[in-house]
Number of protein chains: 4
Amino acid sequence: MAEIFPASFASDNAAPATPEVMQALIEANQGSAPAYGNDIFTARLEKRFAEIFERKVAVLPVSTGTAANALALAACAQPWGLIYCHAGAHVIEHETGAPTFFSGARLVPLEGAHGKIAIEALSAALDRAGFGVVHESQPQAVSITQATEVGTTYALNEIRAIADLAHARGLKLHMDGARFANAVATLGVSPAEATWRSGVDILSFGATKNGAIAAEAIVVFEPALEPNLGFLRKRAGHLMSKQRYASAQIEAGLRDGLWLTWANHANEMARRLTAGLTPFGAAAILHPVEANEVFARLPELALAGLHADGFEFHRRPAPNRQVVRLVTSWRTRSEEVDSFVARALHHAALKGVSRQSL
Amino acid sequence: MAEIFPASFASDNAAPATPEVMQALIEANQGSAPAYGNDIFTARLEKRFAEIFERKVAVLPVSTGTAANALALAACAQPWGLIYCHAGAHVIEHETGAPTFFSGARLVPLEGAHGKIAIEALSAALDRAGFGVVHESQPQAVSITQATEVGTTYALNEIRAIADLAHARGLKLHMDGARFANAVATLGVSPAEATWRSGVDILSFGATKNGAIAAEAIVVFEPALEPNLGFLRKRAGHLMSKQRYASAQIEAGLRDGLWLTWANHANEMARRLTAGLTPFGAAAILHPVEANEVFARLPELALAGLHADGFEFHRRPAPNRQVVRLVTSWRTRSEEVDSFVARALHHAALKGVSRQSL
Amino acid sequence: MAEIFPASFASDNAAPATPEVMQALIEANQGSAPAYGNDIFTARLEKRFAEIFERKVAVLPVSTGTAANALALAACAQPWGLIYCHAGAHVIEHETGAPTFFSGARLVPLEGAHGKIAIEALSAALDRAGFGVVHESQPQAVSITQATEVGTTYALNEIRAIADLAHARGLKLHMDGARFANAVATLGVSPAEATWRSGVDILSFGATKNGAIAAEAIVVFEPALEPNLGFLRKRAGHLMSKQRYASAQIEAGLRDGLWLTWANHANEMARRLTAGLTPFGAAAILHPVEANEVFARLPELALAGLHADGFEFHRRPAPNRQVVRLVTSWRTRSEEVDSFVARALHHAALKGVSRQSL
Amino acid sequence: MAEIFPASFASDNAAPATPEVMQALIEANQGSAPAYGNDIFTARLEKRFAEIFERKVAVLPVSTGTAANALALAACAQPWGLIYCHAGAHVIEHETGAPTFFSGARLVPLEGAHGKIAIEALSAALDRAGFGVVHESQPQAVSITQATEVGTTYALNEIRAIADLAHARGLKLHMDGARFANAVATLGVSPAEATWRSGVDILSFGATKNGAIAAEAIVVFEPALEPNLGFLRKRAGHLMSKQRYASAQIEAGLRDGLWLTWANHANEMARRLTAGLTPFGAAAILHPVEANEVFARLPELALAGLHADGFEFHRRPAPNRQVVRLVTSWRTRSEEVDSFVARALHHAALKGVSRQSL
C-alpha cells in the first residue's frame with residue numbers, strides 16, 4: 001500500500017506563510033521605521049500596486065479580509081444605503097455584520113448559480129428599488145466575490161455587465177478579492193483588466209490566504225471613494241502602527257509575479273484533485289473548479305475513511321454532510337492530493353484513472 | 001569629537017521586533033494550523049497568561065491597541081453609557097472615535113496631573129451624573145492608561161482608589177496597557193497585583209510597542225465582560241484568520257520574563273536620558289520619568305542641532321515647540337542615549353555631568 | 001347618473017383624527033402637567049393597557065410606527081443579531097433601515113404567502129443559522145406584522161407556532177401592530193390572546209392609522225426587554241416632553257372599546273369594497289381581505305376612470321400598474337365605497353351585483 | 001393675607017398648548033390629506049418660514065427637540081467628526097447621546113460664562129485640533145444654544161464671531177433654538193439676522209416649549225446640509241405620517257407674529273420675577289435674565305415655604321439645593337409671578353419693593 005500523506009484541505013487560512021514572505025518580514029525588521037504607514041515598505045507597496053494595476057491607486061493595508069471588505073463598503077455606501085451581494089457571499093454570511101457595522105447600510109442577498117450574482121437578479125432588484133423614495137433604503141453598491149465562495153470566477157464580461165448596470169444607477173462596484181490571485185491566475189488576464197478596466201471601483205486585495213501571515217489591502221480605483229478611508233480605518237482600529245510588516249508581506253508576493261505563481265499552484269492542485277475524483281462521477285463535483293476550492297459530494301465511506309486517515313476538510317451541516325469543501329493552497333503538494341484521491345477511491349472501493357488519461 | 005549615534009526617539013512604534021519575536025514567528029510558520037484561534041499557539045498563550053496573572057482569564061489577540069481598547073470598552077459600556085478617562089488619554093485623543101464607534105458610549109475627559117485621573121475629578125463627575133435619569137448618559141466605565149501618555153504610572157493604591165470608586169457606583173475599570181510592561185517593570189509588582197488584585201476588570205495588554213510586530217491582547221478578568229467579546233471582535237474585523245502568528249508574538253515575550261526585561265531596558269534608557277539632561281535644570285523634565293518616555297523642554301538651539309545631527313523625535317505643536325517627547329524602546333542603545341545627551345549639551349553650549357555622579 | 005363621492009383610499013394615514021381623539025386633546029390641554037411622561041394621562045394609559053391586556057405591561061408612547069418598531073427590535077436584538085421578518089414587511093422595506101440603525105442587527109427576509117412568514121421558511125432559516133458561531137450573526141428575534149402589509153391576519157395558532165419556534169431557539173417575538181386594532185377586530189379574540197398569550201414578547205401598538213394624529217405605543221410583555229427601553233427611546237429623540245398629548249390620544253381610543261369600533265368599521269368598509277368588486281372576478285382580489293386593505297387587479301379603463309373621477313389610491317409600479325392598494329379607515333363612508341365600486345364597474349362597462357345578493 | 005396662586009415654574013414643557021395651536025389642530029383635522037408631509041399645511045409652513053427668514057429654506061418638522069438637534073448635527077458632522085458645544089448644553093448633557101447616535105461624532109464640551117461658548121475656548125480648541133491628522137477626530141461643527149440653558153442669549157456679534165471662526169476652519173454652525181422665540185423676542189432682531197445673516201447654517205426651531213403640543217422644525221439655511229436629511233429623518237423614525245398636524249401647530253404660531261408675542265410674554269414674566277426677587281440681593285440672580293428662565297439662589301426657608309404653598313420648580317442637586325430654576329411660559333400669569341414673589345419674601349421675612357419702583 002502506498003504511503004499516506006494526510007494533509008489539511010480545511011482552509012487556505014490553515015496554510016503557513018511562504019518562505020519569501022518570512023524573508024520579507026526579516027528584511028523589514030531592520031532598524032527603526034516611521035509608524036502608521038510612513039515607511040518605505042508601504043511606499044514601495046503603493047508603487048508596486050500602481051505598476052501592477054497600470055494606474056495610480058490608493059492602497060490601505062489592513063490585517064483581515066473582513067476589515068478590508070467592511071471598510072471598502074463603508075466608502076461606497078451611506079447608512080441609508082443598500083449593498084447588493086450574492087446570498088452566499090462572505091460579506092453577508094460570515095462577517096457577523098461587519099459591513100453594516102462600518103457603513104450602516106443593509107446587505108441585500110441576491111441569487112445566482114455557482115456563487116455568482118445573476119445579472120437578472122440584480123436588474124430585478126434595482127427595478128424594484130425606490131430610488132429617491134425617502135421610505136426606502138437607497139441602492140448604493142454591489143459587492144462581488146472573485147473568486148467566489150464556491151471556487152468559481154466571474155468572466156470579464158460578467159463583471160462588466162454588473163458594473164454597467166450598477167454604474168448606470170449610480171452604484172459603486174466592490175470586489176471582495178480574498179482569493180483575487182486565484183481568480184486572476186485562472187482568467188489569465190491582467191490585474192487591470194480584472195478590476196477597473198472591467199468597472200470595479202474598489203478592491204479587497206487578499207494576501208493572507210495566498211501565503212502571507214496577516215495582510216490584506218484595500219485598493220481604491222475610483223478616487224471619489226478615497227478621502228474618508230483613512231479616518232474610517234483608524235476609527236475601526238485597523239491602522240497598524242508598525243505597518244511596514246503588513247506592507248512587506250504583500251509586497252513580497254508582488255515581486256516577480258510570485259503571488260500568481262502561488263495562486264497558480266493552488267489552482268493546479270484543485271484541478272488535480274478534481275481530476276482525481278472523476279471516478280465518483282461528474283455530478284460529484286458541485287461547482288466548476290476555477291480557483292483553489294473543490295466542492296464535492298462523496299460517499300460517507302470515503303469521508304469517514306479519509307477522516308480516519310488524518311485528512312482535514314469541512315463537511316456541510318446536515319442534511320448535506322456528504323458535501324465537502326476542499327481548499328488547496330500555495331503549499332499543497334501533489335503527493336497530498338494524490339494521496340487524498342487514492343484513499344478516497346480506496347475507501348469507496350473505486351478504481352482510479354491513470355494520471356496520463358486526464 | 002565623539003562619534004554621533006543618531007537614533008530615533010520618535011516612538012516605540014518605530015522600533016523593530018525583537019529577535020525572539022522573529023524567531024517565534026518562524027517557529028509558528030511550520031505546517032498547517034487551525035484558523036481563527038483554534039491553534040496551539042493561542043492555547044499556549046492563554047495558558048501562559050493564566051500563569052502570569054495567577055488566575056483564569058479570557059484572552060483575545062488583536063492587531064492594534066486601538067482595537068483592544070475599543071473592544072474592551074464596548075464590553076464595558078452600552079450605547080447610552082459614559083466612559084471616564086483622562087483628558088489626554090489615547091482613547092479620547094488619538095483613536096478617532098474608535099471607542100465610541102464600538103460601544104456607542106461617550107468618553108468624558110477628566111483632569112489630573114501628569115496624565116493620571118485625579119480621584120477628586122472622578123468623584124466629582126460621578127456626583128454630578130444622573131444615575132438612572134433617562135435624559136442623561138449613564139456612567140458605566142473608567143479607563144486608565146498604565147503607563148500613561150506622559151510616561152508616568154499609577155501606584156497600586158491609586159488604581160485601587162479608582163477601582164473602588166468605580167465599582168461602588170457600578171462602573172467597570174479598564175486599563176489601557178499599551179505600555180503595561182513598562183509600568184509593571186517600574187512598579188516591581190506582579191501582573192496580578194497590577195491589575196485584577198487592584199480592581200482592574202479588563203486590560204488591553206500591549207506587545208507591539210514592546211518588541212512585537214503587530215500584536216495586542218484583550219485580557220478579561222471580570223467574567224461578565226466576556227460573553228459578547230467574540231462577536232464584537234469578529235464584527236469589527238479583528239478576528240485574525242491566521243491568529244497563531246499574533247499569539248506566537250505575544251507568547252515569545254512571556255517566556256522567561258522577556259517582556260519585562262525588554263521594558264526594563266527601555267525604562268532604564270529613559271532614566272539615563274533624564275539623568276543626562278540634568279544640566280538643563282530640573283524644570284526641563286515635565287513629568288516624572290516612570291516608564292519609557294521623557295518629556296523635556298529644551299533650548300531651540302539644542303533641538304535644531306539634534307535634528308541636524310539626524311536624531312528623530314516629536315516636538316509639540318506651537319506654542320510649545322520646545323517641548324519634545326523622547327521615547328525609548330527595547331533596542332535603544334546607551335550609546336544612542338549618551339550621544340543624544342552629549343549633542344544636546346554641545347548645541348546648547350552646556351557642560352555635561354559625568355556619568356559617575358548620576 | 002348617481003352622485004359621485006370621490007374619496008381617498010390612498011392610506012389610513014390620510015384620514016383625519018376621530019372626534020373623540022380631538023376631544024381628548026382638548027381635555028388634556030388643561031393647565032400644566034409634568035413633562036416626559038410623569039403626567040396623569042400617561043398613568044391612566046398604563047392602567048388602561050393593563051386592563052386590556054389583562055396583565056402588567058410597560059408602555060412607551062412614541063410618535064411614529066417606525067420608532068415603535070425600531071425601539072422594540074432594539075430591545076430584542078444586539079448589534080450582532082439577526083431579526084427574521086417577512087420579505088415584504090414594513091420593517092425591512094419601508095423604514096429606511098431604522099431597525100438596524102437602532103439595534104445594529106440585520107433583518108433577514110423570509111418568504112410566505114399573503115404577507116405572512118411561512119413557518120417552514122423560518123424553520124429552515126434557523127436550521128441554517130450558526131448559533132454560537134462567531135463568524136455569523138446570531139438569530140435573536142422574529143418580527144411579524146399584524147395585520148400584515150397586504151391586509152391579511154395571522155391566526156392565533158400561526159402566531160403560537162412562530163412563537164414556539166422562536167422561543168425554543170432563544171429568539172424574542174415582536175409584533176408590528178400598526179394595524180393591530182384591525183387584526184383584533186377581525187380575529188374576534190381578546191388583545192391578550194392576540195399577543196402574549198400566543199407568545200408575543202413585545203408589541204408596537206398603532207393608533208395613528210386608527211384615528212389618532214400621531215401616537216403609537218411600545219407595549220412590553222416580556223419584562224426582560226424593558227430595562228433599557230427608556231434610555232433607547234430618549235437617545236433616539238423619541239421621548240416627548242409633553243407626552244400627555246400622545247397618551248391622551250391613545251387612551252381616547254381605549255375607552256368603551258372605541259379602537260375596535262373604529263377598526264371594525266374600516267374592516268367592514270374593506271369587505272364591502274371587496275364584495276362590490278366581485279364582478280371583476282375572484283382573481284381580481286389578490287389577498288384575503290382580513291383587515292382594512294384590499295389589493296385588487298383592475299382593468300386600466302376602470303383605474304383611469306376612477307382617477308379622473310377624483311378617487312385616490314396607490315398603483316403598484318410597472319409592470320404591475322393595474323394592481324391597486326385600497327385602504328379604508330374609521331371615516332370611510334359606505335357611500336364612498338359604493339361610489340368607487342359603481343364607477344369602477346361603469347368605467348369597465350360591467351354590471352354590478354345588487355347589495356342584497358352579497 | 002393675599003390669595004396664593006400656586007403655579008408651576010418647573011418647565012415650559014409643563015405648559016399646555018395655546019388656544020391658537022389647538023384651533024389650528026382642529027382646522028387641520030378636516031378630511032383626508034396626503035401623508036408624510038405632502039400636505040398643504042406643510043407647504044404653507046415652508047412658505048411661511050421662507051417669508052420669516054427672508055430666503056428659501058428647507059423645513060423638516062419633527063416631534064422633539066432632541067430629534068431636531070440630533071438630525072441637524074448629523075447633517076453637519078461625519079462619524080469621525082467633533083462637534084463643539086458649551087459644557088452645559090442640552091445636546092451634551094440631556095440628550096442621552098442622541099447627537100452622537102445620529103452622527104457618530106464626538107461632542108466636545110467648551111467653557112464659557114453664563115451658558116455661552118467663550119470664543120477663546122473655541123479658538124483654543126481649534127488650535128489644538130489635528131486637522132487632517134488621521135489619528136484624531138476632525139472638527140466639523142459648532143452647536144450654540146439660543147437662548148441658552150441658563151436663560152441668556154448670544155448677541156449677534158457673538159454669533160458672528162463664532163460663525164466666522166467656525167467657517168474659517170470648515171466647520172458648520174448649528175443653533176439649538178428650543179427657545180429661539182424667546183431669544184429673538186429679547187434681541188429685537190429679525191429671525192434672518194438672528195440666524196443665517198449671522199452665520200448660522202442650520203437651526204432647530206422650537207415650538208413645543210412655546211405653545212405647541214409636540215412640534216419642532218429643522219430649518220436648513222446652508223443648502224449643502226439638506227440632501228440627506230430626508231433619509232436621516234425617516235431612518236430615525238422621525239418622519240410623521242400625519243405630518244399636517246405638526247406643521248399646523250408650528251404655522252399657527254407664525255401667524256401675526258404670535259410666536260414672538262407668546263415668547264415676549266414669557267420673557268416679561270421672567271423679568272417680573274427677577275424684579276420681584278430684588279430684595280434677595282443682586283447676587284441671588286445667577287445669570288442675566290434674557291429669556292424665560294430665572295436661576296436664583298434663595299433661602300431655604302423661602303424654598304420650603306414656596307414648596308408647601310404648592311409652587312413647582314426644580315432645585316439643583318446638592319450641594320446647590322438652594323439654587324432654583326424658574327421657567328415661565330406663554331401662560332404664566334402676572335398674579336402667579338407676584339404671588340410667588342410675595343410668598344418667597346414672606347417666608348424669608350423680607351419686605352418687597354413696590355412694583356412702581358422697579
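**View 1. Two packed helices of chain D.** Axes are lines fitted to C-alpha atoms, for helices over the stretch in contact, and the angle between two of them is taken between N-to-C directions, from 0 to 180 degrees. In this predicted model, helix 8 (residues 180–187) of chain D packs against helix 12 (residues 258–276) of chain D at an angle of about 80°, and their axes lie 8 Å apart. Since angles of 65 to 115 degrees count as roughly perpendicular, helix 8 of chain D and helix 12 of chain D are therefore roughly perpendicular to each other. On the side of helix 8 of chain D, the residues that meet helix 12 of chain D include Phe180(D), Val184(D) and Thr186(D), while those of helix 12 of chain D include Trp259(D), Leu260(D) and Asn267(D). Sorted by class, this contact has eight nonpolar, four polar and no charged residues.

**View 2. The seven-stranded open sheet of chain D.** Seven strands of chain D form an open sheet with mixed pairing, in the order 1-7-6-5-4-2-3. Its edge strands are strand 1 (58–62) and strand 3 (106–110) of chain D, each of which pairs on one side only, and the twist from one strand to the next averages 20°. Strand 2 (residues 81–86) of chain D runs parallel to strand 3 of chain D and is joined to that strand by five bridges; His86(D) has Leu110(D), in strand 3 of chain D, as its bridge partner. Helix 2 (residues 40–53) of chain D packs on the sheet, where it touches strand 1, strand 6 (202–206) and strand 7 (216–220) of chain D, and its direction makes about 120° with that of strand 1 of chain D.

**View 3. The contact of chain C with chain A.** Chain C and chain A each bring 13 residues to their contact, and between them they bury about 1200 Å², 46% of it on carbon and sulfur atoms. Of the area that chain C buries against chain A, Thr96(C), Arg106(C) and His135(C) supply 41%, more than any other three residues.

**View 4. Backbone details in loops of chain A and chain B.** The peptide bond that joins Ala318(A) and Pro319(A) is cis, with omega of about 10°, and Pro319(A) is found in the loop between strand 9 (314–315) and strand 10 (323–327) of chain A. In chain B, the peptide bond from Gln146(B) to Ala147(B) is cis, with omega near -10°; Ala147(B) has its place in the loop between strand 4 (138–145) and helix 7 (156–168) of chain B. His114(A), although not a glycine, has a positive phi of about 55°.

Definitions and conventions: Residues are numbered from 1 along each chain as its sequence is written. Chains are lettered from A and ligands numbered from 1 in the order in which they are written. This is a predicted model: local features need pLDDT of at least 70, side-chain atom pairs count only at pLDDT 80 or more; totals for chains, interfaces and linings use all residues. Side-chain values use heavy atoms; hydrogens and water are left out. Helices (H or I, at least four residues) and strands (E, at least two) are DSSP runs, numbered from the N terminus. Angles under 35 degrees count as roughly parallel, over 145 as roughly antiparallel, 65 to 115 as roughly perpendicular and the rest as oblique. Contact means heavy atoms within 4.5 Å. Ala, Val, Leu, Ile, Met, Phe, Trp, Tyr, Cys and Pro count as nonpolar, Asp, Glu, Lys and Arg as charged, and the others, Gly among them, as polar. Two strands pair if DSSP finds at least two bridges between them. Buried area is the accessible area (1.4 Å probe) that two parts lose on being put together, summed over both.
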